[in-house]
Every structure is written in structure tokens, then in C-alpha cells.
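Please examine the sequence and the structure below.

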Amino acid sequence: MRLREATGDDLELLHDMLLEAFNWDGTTRFTRSEVIGDPHTARYLGGWRRPGDFGLVAVDGGTPLGAIWARALPAAAPGYGYVADDVPEIGMAVVRAHHGRGVGSALLAGCLEQARALGWRAVSLSVEDGNAAARALYLRHGFTVVGRNGGSDTMLRDL
Ligand SMILES: CC(C)(COP(=O)(O)OP(=O)(O)OC[C@H]1O[C@@H](n2cnc3c(N)ncnc32)[C@H](O)[C@@H]1OP(=O)(O)O)[C@@H](O)C(=O)NCCC(=O)NCCS
């Protein structure tokens with residue numbers, strides 16, 4: 001497994017992974033067209049890859065195993081895990097068949113390095129109640145809970 005930078009050509013994969021992130025419990029709560037078409041969820045990847053966007057794809061040979069992406073959203077059109085205009089919000093998912101093999105951990109560590117190298121002061125994310133695997137991963141990588149939005153915690157990682 002290796003990590004490579006997420007490019008403008010990865011949008012379809014990132015949409016697959018965004019859908020996995022919204023349907024993290026394995027049920028189809030959202031369809032692909034809902035996630036892409038909804039004005040709120042479209043904020044995360046619409047127009048990818050804009051200046052300031054960054055992310056990584058984990059691959060095994062040519063096969064994608066998962067991805068992570070980050071974008072700074074403004075207060076006027078925030079993400080669920082909004083903290084501040086100068087704090088990008090992260091989203092991530094690993095292809096289900098490859099869960100539990102360290103891919104998510106590698107993606108998250110790599111993305112934190114990317115964010116630090118780009119000069120961001122912190123990154124945030126939103127994790128829904130019950131998503132124990134994601135929450136454990138984030139706690140292990142130094143995220144702390146700083147807020148609440150609906151049925152989700154907002155978590156922050158200072159860099
Ligand atoms: C969260 C996610 C990205 C983790 O990716 P992954 O490649 O499986 O993660 P890793 O293998 O690096 O680590 C998984 C860790 O979670 C732990 N874990 C797995 N299921 C768990 C559970 N139900 N409760 C607590 N911990 C759990 C594993 O033991 C492992 O910890 P360890 O490294 O200390 O053994 C992946 O589960 C996923 O894609 N989930 C669906 C999408 C999603 O939830 N995205 C995030 C939305 S906020």
C-alpha cells in the first residue's frame with residue numbers, strides 16, 4: 001500500500017468515498033445522487049480540486065483502497081464540522097473490504113502532514129454518534145471534541 005496525492009482526476013473516487021462516509025453504518029441512508037446533488041453535502045467536493053484543496057489516495061498497485069480530502073469552507077457556507085474559515089475540514093473513507101488494515105490510519109497521518117506542510121494551523125471534522133471506528137481513529141491521532149452539530153461531534157486537531 002502506498003499513498004499518493006489526490007488530484008483533479010480522482011473526483012469519482014472521492015465521491016464514492018464521500019458516500020461511504022455518509023453511509024458509514026453500512027445502510028444506504030443517502031444515495032450517490034443525493035450526496036452529489038444536495039447543496040450542503042456538495043460543498044465538500046464541488047469543483048474539486050480548487051486552490052487550497054488537498055488530500056491523499058491509498059492505492060495497492062492500481063487499486064484504490066481509500067481516500068482522504070480536506071477543504072476550508074467559509075462560515076457563510078460551512079461544513080458539518082466547521083470551526084473557522086482558516087481550518088480545513090477533513091472527510092475520509094476506506095473501501096469496506098480493506099477496513100481494519102491500517103489504511104485509514106495511514107491516510108489520516110499523511111493528511112495531517114500535508115496540512116502542516118501547507119501551513120494550516122489546524123484541521124477539523126465531524127463524526128456522527130455511533131461511528132466508533134472513526135472516533136477511535138481520530139482520538140488516536142490527537143483530535144479532541146470541540147463542539148456539537150446535530151447528532152455529531154465536531155473534532156479539532158491543532159497542528
Ligand atoms: C473509519 C475508517 C476510515 C477507518 O479506516 P480503517 O482503514 O479501517 O482504519 P485502521 O485499520 O487504520 O484502524 C481502525 C481502528 O479502528 C478500530 N476499530 C474498528 N472497528 C471499531 C469499533 N467498532 N469500535 C472501536 N474501534 C474500532 C480498529 O481496532 C483499529 O484500531 P487499532 O489500529 O488500534 O487496532 C473506516 O472504518 C471507514 O471507512 N468507515 C466508513 C466511513 C467513515 O466512517 N468515514 C469517516 C466518517 S467521520
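About 1000 Å³ of space lies in the largest pocket of this predicted model. On a 1 Å grid over the protein atoms alone, a pocket is an open set of points where a 1.4 Å probe fits, with protein on both sides within 12 Å along at least five of seven lines; lining residues have an atom within 4 Å of a point. The volume is the space filled by probe spheres set on the points, which are joined across faces, edges and corners.

The lining comprises 43 residues, and Ala21, Met92, Asn131, Ala134 and Tyr138 lie nearest the centre of the pocket. Its classes are as follows.

| Class in the lining | Residues |
|---|---|
| Nonpolar | 21 residues |
| Polar | 13 residues |

Ala, Val, Leu, Ile, Met, Phe, Trp, Tyr, Cys and Pro count as nonpolar, Asp, Glu, Lys and Arg as charged, and the others, Gly among them, as polar.

Helices α3 (residues 103–117) and α4 (residues 132–140) pack at about 45°, their axes being 11 Å apart. Gly104, Ser105 and Leu108 of α3 meet Leu137, Tyr138 and Arg140 of α4, where contact means heavy atoms within 4.5 Å.

Asp158 belongs to strand β7 (residues 152–158). Asp158 and Ala122 are 36 residues apart in sequence, yet 4.2 Å apart in space, C-alpha to C-alpha.

Residues are numbered from 1 along each chain as its sequence is written. Local features need pLDDT of at least 70, side-chain atom pairs count only at pLDDT 80 or more, and totals for chains, interfaces and linings use all residues, while side-chain values use heavy atoms, with hydrogens and water left out.

Terms used
Axes are lines fitted to C-alpha atoms, for helices over the stretch in contact, and angles run from 0 to 180 degrees between N-to-C directions. Helices (H or I, at least four residues) and strands (E, at least two) are DSSP runs, numbered from the N terminus.
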